[in-house]
Amino acid sequence: MKKVVLLMLSLFLLGGCASEADLSNQVLTLLQEKSMLEPFNDTNMSKKYFSYYLPRDVGRGTGNSLSGVYLKDGYKFVMNLDASQIIIDEYYTEAPAEPVSEVQMETSPAGMVYQGSYINTAEETKNYTLRLEKLTDGYYYIDLAASELRFYSIVPYAEIKSLLNCMLTIMQSVKVERQLILNDFSLKSATAQQQQNLDYLNEEVPVDGYIKDLVEK
């Protein structure tokens with residue numbers, strides 16, 4: 001009886017390891033395939049600061065000009081436009097990060113971490129980081145972060161590949177109104193414009209700017 005219990009326990013543990021390895025390979029393959037595709041140039045959704053393509057099997061929930069909640073196969077995910085990062089890239093980053101030439105994967109105590117790059121609709125190469133963390137009851141936390149966008153969700157094992165494919169499709173299709181974001185949310189940009197119009201009493205424009213708190217709590 002003891003041997004039977006030990007055998008069942010061993011099979012259970014091996015099954016868990018196999019499923020993790022299988023998931024890792026499936027995600028890696030999907031990311032590699034997506035990195036070779038041309039960006040999806042058609043858009044069917046528009047917000048004030050960006051437009052994007054939303055797959056037809058995805059439903060829309062609540063949202064604002066910078067973020068939204070969506071429904072895919074019964075599971076919610078969130079997409080946020082990172083306006084603060086756009087401002088940082090414009091005013092405080094001397095050179096863009098080097099593109100990740102091929103998808104990389106590593107494991108950590110928190111889960112699996114993938115790094116790669118994609119081409120957006122402006123034909124710019126952007127890097128992204130994907131984190132998958134195993135939770136309880138077979139669910140996983142998905143965190144997909146690019147330079148301008150971030151996606152979050154919690155889904156069961158069986159839904160990871162489908163939802164991730166949806167997130168990547170949206171990510172590649174996004175067209176960002178960068179200048180509008182800079183005009184609306186960057187005090188440095190506003191100060192520069194004020195100097196052009198009024199000469200700002202011959203004073204120098206401050207070197208440092210500020211970023212407003214953009215996300216509604």
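Biologist: At 4% relative accessibility, does Tyr 118 count as buried or exposed?

Modeller: This is a predicted model: local features need pLDDT of at least 70, side-chain atom pairs need 80 or more, and totals for chains, interfaces and linings use all residues. Residues are numbered from 1 along each chain as its sequence is written, and side-chain values use heavy atoms, without hydrogens and water. The cut-offs are under 20% relative accessible area for buried and over 50% for exposed, with partly exposed in between (1.4 Å probe, protein chains only). Tyr 118 has 4% relative accessibility, so it counts as buried.

Biologist: How does Tyr 128 count at 4% relative accessibility?

Modeller: The value for Tyr 128 is 4% relative accessibility. It therefore counts as buried.

Biologist: Which strands does the pair link?

Modeller: Strands are DSSP E runs of at least two residues, helices H or I runs of at least four, numbered from the N terminus. Tyr 118 and Tyr 128 are ten residues apart, and their pair links distant parts of the chain. The strands are β7 and β8 (residues 125–134).

Biologist: What is the volume of the largest cavity?

Modeller: A cavity is a set of points on a 1 Å grid, over the protein atoms alone, where a 1.4 Å probe fits but cannot get out. Its volume is the space filled by probe spheres set on the points, joined across faces, edges and corners. Two cavities of 30 Å³ or more turn up. The largest has a volume of about 40 Å³.

Biologist: Which elements each supply at least two residues of its lining?

Modeller: Lining residues have an atom within 4 Å of a point. Here they include Leu 31, Ser 117 and Met 171, along with Tyr 118 and Tyr 128. The elements are α1 (2–35), β7 (111–119) and α3 (160–173).

Biologist: How does Ser 51 count at 14% relative accessibility?

Modeller: Ser 51 sits in strand β2 (residues 50–52). Leaving out residues up to four places away in sequence, it touches others including Thr 43, Met 45 and Val 174 (heavy atoms within 4.5 Å). At 14% relative accessibility, Ser 51 counts as buried.

Notes. On a 1 Å grid over the protein atoms alone, a cavity is a set of points where a 1.4 Å probe fits but cannot get out, and a pocket is an open set with protein on both sides within 12 Å along at least five of seven lines; lining residues have an atom within 4 Å of a point.
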